[in-house]
Amino acid sequence: MPKKRRNGGRNKKNKGRALCIRCDNCQRMCGKDKAIKRFVIKNIVDASSKRDIEEASAYLSGENPMPKLYMKNQWCVACAIHKRTVRVRSTENKRVRFVSKVRKGTELGKLYKVANRKFVVNNPFANEEKEEM
Ligand SMILES: [Zn+2]
C-alpha cells in the first residue's frame, strides 16, 4: 500500500508507542508526537487597560510586572487545521519548521528564523502569530 507520509505525520523516531494526549478542543486521543503544540504567553489585560491599572497602582511601574497567562495548547490534526494553526503547504514550504526558540549560529537557525518572522512574505505562520499577540 502506498503511504501518504513516510512518518505517518508523526515524530515517533524508533519508538514503538508514544504517549497519548487529549485534544484541547475536541478531546480526541492523539499521539503526543503527532499533536500540534503551541506555547502561548500573553498579557491578561489589553494594553490600554494595563496602562490604567498601572497608573492607579500604588507600586512604581516596572517594580511589579503584570501577571501573564502561560498556556500550552495541544490539538489534534483535524482541529489544528480547522483553527488554521497549520495549513496545507507546498513541498518547498513544508521545509520551514515552526519553533518558538531560535537557535543561533547554525544553518538550521536561519531556516527557523524565517518561520518565526512575521514580516516575511509567504510565511505560513504569520497569521497564527498575529492571533497570539
Ligand atoms: Zn481535536
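Among contacts in this chain between residues at least 6 apart in sequence, 51% join residues at least 24 apart. Two residues count as in contact if their C-beta atoms, placed from the backbone, lie within 7 Å. Keep in mind that you're looking at a predicted model, where local features need pLDDT of at least 70, side-chain atom pairs count only at pLDDT 80 or more, and totals for chains, interfaces and linings use all residues. Residues are numbered from 1 along each chain as its sequence is written.

Let's get an overview. The chain has 4 helices and 4 strands, and from the N terminus on they run β-β-β-α-β-α-α-α. Helices (H or I, at least four residues) and strands (E, at least two) are DSSP runs, numbered from the N terminus.

How far can you trust the picture? The predictor gives each residue a confidence called pLDDT, from 0 to 100. The chain averages 78, and 70% of the residues score at least 70. Confidence is highest in strand E1, at 95, and lowest in helix H4 (residues 126-132), at a mean of 47. Over residues 129-133, pLDDT stays under 50, and the model has 3 contacts beyond four places in sequence for them.

Now for the inside. A residue is buried if 20 or more other C-beta atoms lie within 10 Å of its own, exposed if 12 or fewer, and partly exposed in between, with C-beta atoms placed from the backbone. Buried residues make up 6% of the 133 residues in the chain. In soluble globular proteins, nonpolar side chains tend to be buried together. Here, the largest nonpolar core has 6 residues: Cys30, Ala35, Trp75, Cys76, Cys79 and Ala80. Such a core is a set of buried Ala, Val, Leu, Ile, Met, Phe, Trp, Tyr and Cys residues joined through C-beta atoms within 7 Å.

Take a look at Trp75, which sits in strand E4 (residues 68-75). Trp75 is buried because 23 other C-beta atoms lie within 10 Å. Leaving aside neighbours within four places in sequence, Trp75 is in contact with residues including Cys23, Asp24, Ala35 and Ala80. Ala35 is 40 residues from Trp75 along the chain, yet their C-alpha atoms are separated by 5.6 Å. Ala80, for its part, touches Ile36, Trp75, Thr85 and Val86, again not counting residues up to four places away.

Finally, there's Gln27, in the loop between strand E1 (20-22) and strand E2 (29-31). Gln27 counts as exposed because it has 10 C-beta neighbours inside 10 Å. The C-alpha atoms of Gln27 and Trp75 are separated by 8.6 Å, though the two are 48 residues apart along the chain.
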